[in-house]
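Subject: The structure and some notes on it

Hello,

Here is the structure I promised to pass on. Please have it open while you read my notes.

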Amino acid sequence: MVERSSVFDMIGPVMIGPSSSHTAGVVRIGRTARKILGKQPEEATITFFNSFARTYEGHGSDRAIVAGLLDYKTDDKRIKEAFEHAAKEGLKYNFKSVGNALTRHPNTVKLDLKAGEKTVQVIGESRGGGLIKITEVNGFSSGFTANLHTIIITASDTKGSIAYIANILSHDDCNIATMTVSRKGKNDLACLIIEMDSGLKAISLEYLRNLDWVKEVIYIPDIDK
């Protein structure tokens, strides 16, 4: 019988603990949220729901989410000391738990992040086997996995905007895998999330950012790269 001194165990490139849902998937949610913020968070409120709310300390999900916010990959040996590294990096965090949220997936975590004047809210689900699903970004419905190149565009709800953006992507030979559109209301703010099989050129991203009806463009390559 082999004794383990930590809930984290390393096998090849994948981190597993009592469950990859509670460790590897959680790290990936944290990394994705950090990339949406665009920088190292200074403050983080981390809310675990349902199964996570009951087990996050014992299964190491608390260290895993902090490690993801520090941009550690799932095979990073520093994960088990994530709290200590967060203190050195100036990342302040607090945990909350909601144990009976019937509308939420059993392994759901909500992240409210702040860096300077910028804030973001990201809700993600750990689906098992290290797989994740980001279900909300800043109040907009989503459904991307972070396994593919992902672009998140917040813009005015302008007629023809989706076709216009798709045409720009086509010039980079980007094949669209999934597309999610959510809006606050007709002619209000909208959020377009596109997963692609390949990446975008820097010049295309810059062009999108300079369109007068586009408020923000966030680009996330494959989260494991």
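Below is what I found in it.

This is a predicted model, in which local features need pLDDT of at least 70 and side-chain atom pairs count only at pLDDT 80 or more, while totals for chains, interfaces and linings use all residues. Residues are numbered from 1 along each chain as its sequence is written, and side-chain values use heavy atoms, with hydrogens and water left out.

**Salt bridges**

The structure holds 9 salt bridges (a side-chain nitrogen of Lys or Arg within 4 Å of a carboxyl oxygen of Asp or Glu). One of them pairs D71 with R31, with 3.1 Å between the closest N and O atoms. This pair links distant parts of the chain, 40 residues apart: D71 sits in the loop between α3 and α4 (82–89), and R31 in helix α1. Helices (H or I, at least four residues) and strands (E, at least two) are DSSP runs, numbered from the N terminus. R31 counts as buried at 4% relative accessibility, whereas D71 is partly exposed at 26%. Buried means under 20% relative accessible area, exposed over 50%, and partly exposed in between (1.4 Å probe, protein chains only).

Another salt bridge joins R183 and D157 at 2.7 Å, N to O. R183 is in strand β10 (residues 176–183) and D157 in the loop between β9 and α5, 26 residues apart. R183 is partly exposed, with a relative accessible area of 46%, and D157 is partly exposed too, at 22%.

**Two helices**

Helix α1 (residues 24–37) and helix α3 (residues 61–69) have axes that come within 7 Å and cross at roughly 30 degrees. Axes are lines fitted to C-alpha atoms, for helices over the stretch in contact, and angles run from 0 to 180 degrees between N-to-C directions.

**Backbone angles**

N50 has a positive phi, near 55 degrees, and lies in strand β3 (residues 43–50). A146 has a positive phi of about 65 degrees and lies in the loop between β8 (140–144) and β9 (149–156). N50 is buried at 9% relative accessibility, and A146 is buried at 0%.

Best wishes
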